[in-house]
Amino acid sequence: MKKIITLAFSLLFVGMNIYGQEVASTVVRCASDEYMKKMFEANPALKVQRQKDELLVQQGVDRLNSSKSAQMIFTIPVVVHVVYRTASQNISDAQVQSQIDALNEDFARLNADTVNTPAAFKPYARATNFRFCLAQQDTNGNPTNGIERRLTTTSSFSTNNGVKAYATGGLDAWDVNRYLNIWVCNMSGGVLGYGEFPLSAHTSTYGLVIQYNAFGRVGTLQATYNLGRTTVHEISHCFNLYHIWGDDGGTCGGSDYCPDTPNQGSENYGCRTYPYYDNCTTSGNGVMFMNYMDYSDDVCLNMFTTQQSFRMNSAMSQYYPTLLSSTACEAPTTGISNIDNYFNISAYPNPTDGIFNLDMFLTPSVIESLQLVVVDQTGRLIFEEKLSSPAGQVHQLDLRNQPSGVYTLTVFNDKVKRTFKIALVR
């Protein structure tokens with residue numbers, strides 16, 4: 001957007017007009033700006049550090065602008081934390097995978113609707129160098145499908161990061177240096193999502209939070225937010241992109257630090273007709289309402305620009321190089337057969353009052369038997385059982401004779417293994 005390259009960060013985090021134009025006041029497309037303002041208010045040193053870091057990001061962008069070589073492709077391991085209160089909020093593995101597919105298409109500019117990018121803006125459109133996978137290794141090197149779930153007693157979550165901690169009804173982040181953490185839950189106040197900008201001082205809350213019915217392309221979805229572009233938008237914040245209008249309250253003086261995005265007064269909703277003009281761009285090609293960093297409906301969003309791609313590349317290389325080099329997309333190689341890559345179990349409810357279910361609907365039929373072992377916090381064995389032909393079963397464990405506490409359940413045979421922490425609450 002605006003071509004003012006400045007470190008006047010007071011212009012970056014001014015209030016947003018979140019209710020603009022055609023959208024009802026119950027829908028808040030993105031709350032990242034307010035979230036970061038609260039972080040800076042709580043710790044002013046973070047804002048000062050970002051001002052310093054911005055110089056390094058700009059230097060990295062300058063190097064990419066002068067380089068003629070192709071950008072290296074980075075595949076980033078993703079872990080999706082599904083925190084649910086109702087069955088509809090417990091989105092399926094297929095819905096999660098559909099979001100990963102959407103990310104890979106949009107960030108690679110392989111989405112079918114690139115044909116809708118106006119001809120005048122196509123010279124500025126560019127694929128990024130990021131791809132995504134569901135993690136195949138957990139933090140201990142054990143196999144995983146990159147999805148973990150928790151049945152919570154919390155009806156909805158706000159932007160206070162409650163969903164990012166087990167102690168407040170959510171799930172803790174996996175190592176932010178190796179995984180991109182995404183929390184999917186029911187959010188209060190009509191918020192569809194928010195992302196945390198990268199910081200030199202890494203936090204345990206880095207990642208993004210998405211409303212469960214604005215995540216993915218299949219399953220339980222809202223009508224106008226059904227192509228996975230809320231997540232595309234919020235990940236872009238995590239990769240250091242600002243809103244295309246610069247969050248300047250319509251003054252036309254802010255910046256998104258990307259010179260190839262037109263000056264824009266505020267966010268757009270619905271589906272504009274090209275060319276569309278506003279108070280900051282009144283002629284020419286109009287504003288870039290189809291950019292992923294605007295608020296248009298999912299069906300109308302279809303592009304990043306070259307400078308946005310370069311900015312994300314520079315920022316992530318500076319802030320999270322270990323995330324870019326993480327090997328968590330690779331299957332474990334320590335004595336586990338490849339069948340483990342296809343071994344899926346869902347465990348719920350968690351916390352539990354004693355009855356605990358293991359859903360093995362997606363367990364491969366070639367797995368003939370499984371051993372179940374439950375130990376308490378001291379490592380004492382309290383339960384064990386062997387299951388024959390587990391594929392397609394929902395197996396129920398009864399721990400009601402045990403006291404409240406945290407237990408470890410391990411499900412395994414000589415080829416596969418999964419471990420769960422069970423919180424037993426009376």
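In which helix is the place of His237? His237 sits in helix 4, which spans residues 229-238; helices here are DSSP runs of H or I with at least four residues, strands are runs of E with at least two, and both are numbered from the N terminus. The structure is a predicted model, in which local features need a pLDDT of at least 70 and side-chain atom pairs count only at pLDDT 80 or more, while totals for chains, interfaces and linings use all residues. Residues are numbered from 1 along each chain as its sequence is written, and side-chain values use heavy atoms, with hydrogens and water left out.

With a relative accessibility of 1%, His237 counts as buried. In this text, buried means under 20% relative accessible area, exposed means over 50%, and partly exposed lies in between, with a 1.4 Å probe and protein chains only. Contact means heavy atoms within 4.5 Å. Not counting residues up to four places away in sequence, His237 touches Cys30, Ser32, Gly195, Glu196, Phe197, Pro198, Tyr242, His243 and Met293. Beyond four places in sequence, the residues touched by Phe197 include Met36, Arg50, Tyr206, His237 and Tyr242. Phe197 and Asn142 are 55 residues apart in sequence, and their C-alpha atoms are 29 Å apart in space. Lys52 and Ser200, by comparison, are 148 residues apart in sequence and 9.9 Å apart in space, C-alpha to C-alpha. Lys52 has its place in helix 2 (residues 44-66) and is exposed, because its relative accessible area is 53%.

The next topic is the nonpolar core. In soluble globular proteins, nonpolar side chains tend to be buried together. A nonpolar core is a set of buried Ala, Val, Leu, Ile, Met, Phe, Trp, Tyr and Cys residues joined through side-chain atoms within 4.5 Å. The largest one holds 56 residues, of which Phe107, Phe130, Phe132 and Phe239 touch the most other members. Strand 1 (residues 74-84) gives the largest share of this core, six residues. Leaving aside neighbours within four places in sequence, Phe132 is in contact with residues including Thr75, Ile76, Val78, Phe107 and Phe239. Elsewhere, Ser309 in helix 5 (residues 306-319) is buried, with a relative accessible area of 0%. Apart from residues up to four places away in sequence, Ser309 touches Gln71, Arg126, Ala127, Thr128 and Asn129.

Two open sheets can be described, where two strands pair if DSSP finds at least two bridges between them. Strand 9 (residues 369-375) and strand 10 run antiparallel and are joined by seven bridges; Val375 stands opposite Leu381 in strand 10. The other sheet has three strands in the order 7-8-11, again with antiparallel pairing. Here strand 7 (346-348) and strand 11 (394-398) are the edges. Three bridges pair strand 7 with strand 8 (residues 355-359), and Ala347 has Leu358 of strand 8 as its bridge partner. In the loop between strand 7 and strand 8 lies Pro351, which a cis peptide bond with omega of about 10° joins to Asn350.

Cys252 is partly exposed, with a relative accessible area of 22%. Tyr257, in the loop between helix 4 and helix 5, has a positive phi of about 65° although it is not a glycine; Tyr257 counts as buried at 4% relative accessibility.
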